Amino acid sequence: MQITLISKELSQTRSDLSAVEAYPFGELVDIIKDVGFECSRCTRCCTRDYNDHVFLLENDVERIEMVDSSKITPAPYFDYCDNKGNFYVQGYALTYKDDGTCAFLGEDDLCAIYTQRPAICSIYPYMLNREPNSRGKLLWRYVAGLNEHGYYHCEMTEKDAMQIAKDVLEYETGFLQHRIDFLTTLLSYFRENKLKPSQRQYERQMKKYNSGKEIVVNVYHCGQFHTHHLAYKN
Ligand code: SF4
């Protein structure tokens with residue numbers, strides 16, 4: 001695997017960011033009003049089975065660290081592995097309890113950090129799907145699927161829909177800018193240290209990790225990599 005792979009991904013992410021920034025605001029507001037999601041408090045969206053993991057933007061990490069830093073972990077699905085066997089991932093995520101529910105889901109089935117919850121939780125389920133349709137436009141995805149949980153097509157005021165649209169664009173651009181910063185830093189780091197991405201090492205180290213052995217994961221946060229030694233927990 002060549003270092004140009006990272007450059008290609010960086011250039012694609014920059015295009016994605018431009019596309020999100022160009023998304024017509026009024027159209028976004030109309031889609032949000034049409035989706036009209038309302039939470040039914042079933043808590044399914046706060047489980048690993050439903051949403052895999054809760055990725056944290058840097059502001060989320062700073063805020064949640066003040067509450068309980070033990071519930072923050074390197075995000076899964078490491079992005080790259082270098083030829084020496086060290087992984088790199090773009091940020092942190094929340095941990096889950098043994099039953100697969102979010103570490104912050106209380107026994108009363110309410111979010112214990114509701115006012116400080118991660119940005120992704122506050123815009124859920126309004127996330128942009130960055131795959132273009134046949135006309136090259138960005139599409140929406142219904143993360144949890146229509147009628148699978150919560151209520152859809154509920155009444156929503158223009159003001160509320162506009163606020164959600166603003167929050168969604170802020171989240172999506174924040175996420176993409178973070179990925180651009182991560183890839184730019186990774187590229188410089190690889191060049192300075194004469195490293196290159198290695199798929200073979202990636203697979204070898206994942207096998208090691210899945211068999212319970214410790215691996216090294218460098219997590220991008222606030223402009224630099226933070227090294228963690230991780231052992232797989234089932
Ligand atoms: S932080 Fe709160 S809203 Fe977000 S997944 Fe966890 S319990 Fe649910």
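Which residue in β4 is the bridge partner of Tyr80? In β4, that partner is Tyr88.

## Basis of the model

The model is predicted: local features need pLDDT of at least 70, side-chain atom pairs count only at pLDDT 80 or more, and totals for chains, interfaces and linings use all residues. Residues are numbered from 1 along each chain as its sequence is written, and side-chain values use heavy atoms, with hydrogens and water left out.

## The sheet

Four strands form an open sheet in the order β3-β4-β8-β9, with mixed pairing. Its edge strands, β3 (80–81) and β9 (224–231), each pair on one side only. Strands β3 and β4 (residues 87–89) run antiparallel and are joined by two bridges. Strands (E, at least two residues) and helices (H or I, at least four) are DSSP runs, numbered from the N terminus; two strands pair if DSSP finds at least two bridges between them.

## The pocket and the ligand

The largest pocket holds about 1,300 Å³ of space. Of its 45 lining residues, Cys45, Ile120, Cys121, Ser122 and Tyr124 are the closest to its centre. A pocket is an open set of points on a 1 Å grid over the protein atoms alone, where a 1.4 Å probe fits, with protein on both sides within 12 Å along at least five of seven lines; lining residues have an atom within 4 Å of a point. The volume is the space filled by probe spheres set on the points, which are joined across faces, edges and corners. Strand β6 (126–132) is among the elements that supply at least two lining residues, and β6 gives the most, with six.

The ligand sits in this largest pocket, meaning that more than half of its atoms lie within 2 Å of the grid points.
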